Amino acid sequence: MTLVLNRIDDRLIHGQVVVGWGQPLDVRFIVLVDDAVAASDWEKELYRMGVPPEMEVRFHSTAEAAPLLDVYRTEPDPGILLTGDIATMHELVLHGGVREVNIGGIHHRAGRRQYLRYVFLTDEEQRALRDVAALGALVAAQDVPAARAIPLEEMLSEAEVS
Amino acid sequence: MSEISEVRALVAGHADFAAGLISAVEAVTGRGEMLEPIQVKGLCGEDIQHLLQERLRATGALVIFTDLQAGSCTMAARRLLREEPHVVLVSGTNLPMLLDFVMSSATNTHDAARTAVDRARSAIAAYGGPA
């Protein structure tokens, strides 16, 4: 097993990640890549307390994480790679090895337009996701495993309808 | 009508968790107004935190009840507790807990919440099925 899900989710660790994906995929560790969280003991403790005891959380800054991903891919247990924003995932994809990117939740904020119930993007973020796809990663939105994975281009065309 | 209708706690969770539980509290006790449901659909963690803070201040509520420990409402509330140290956060909320809370005779809302947690824990049981 290896990193079984590469997810962008601005809520980072929460119910959908721990229970929704974590249980069916039998996830044993989460690699949480976020510069602000990695720099704060208080934030780390907050996220650590949110996961069940059989699940481990490893915190890294973006720069730290990129070279470690290959190591994580050799782990015997399944794990989730988790970033809070598109820019961080973009960096990791640039480094190589990330072949699929799951958009799990990017929520409402000023300047963002709605694409799905759980996806809101600025024009710049939209371009960044297309860049990620152009690097060869399969990008799709899917909040929980039971939902259909919506390919990036299909998702981006949704906004023109609404 | 008595004067027990003021909001004492916020309830926040996934989907219609809050509204559903509060409707059950209302059906059983008629005291649903003591709890305010927080609708967080489509909000990022930061916005949830701001919404909780705004509603705490507007209502004077001293307790936040949430569903999952790792849920985004719980995470947002835990962040908020740094700025609002007088507020008690309870996760793993269930119906027996909220019933006990709204029926509590404790004059101290924090005590009412803590007692409700203990009672709720003892209200969980599994019956029947093969051994």
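**A strand and its neighbours**

Modeller: Start with A:Asn102, which stands opposite A:Ala140 in β8(A). Keep in mind that this is a predicted model, where local features need pLDDT of at least 70 and side-chain atom pairs 80 or more, while totals for chains, interfaces and linings use all residues. Residues count from 1 along each chain as its sequence is written, with chains lettered from A and ligands numbered from 1 in the order written.

β8 of chain A covers residues 138–141; strands here are DSSP E runs of at least two residues, and helices are H or I runs of at least four, both numbered from the N terminus. β8(A) pairs with β5 (residues 100–105) of chain A in the parallel sense, over 4 bridges. Pairing takes at least two DSSP bridges. β9 (residues 150–151) of chain A runs antiparallel to β8(A), joined by 2 bridges. There, A:Ile150 in β9(A) is the bridge partner of A:Ala141.

Now look at the two faces of β8(A): A:Val139 and A:Ala141 make up the covered one, and A:Leu138 and A:Ala140 the uncovered one.

As for the chains, 13 residues of chain B are in contact (C-beta atoms, placed from the backbone, within 7 Å) with 13 residues of chain A. α2 (45–59) and α3 (72–80) of chain B each give at least two residues to that side of chain B, and the largest share, 3 residues, comes from α3(B).

How values were computed. Two residues are in contact if their C-beta atoms, placed from the backbone, lie within 7 Å. A residue is buried if 20 or more other C-beta atoms lie within 10 Å of its own, exposed if 12 or fewer, and partly exposed in between; C-beta atoms are placed from the backbone.
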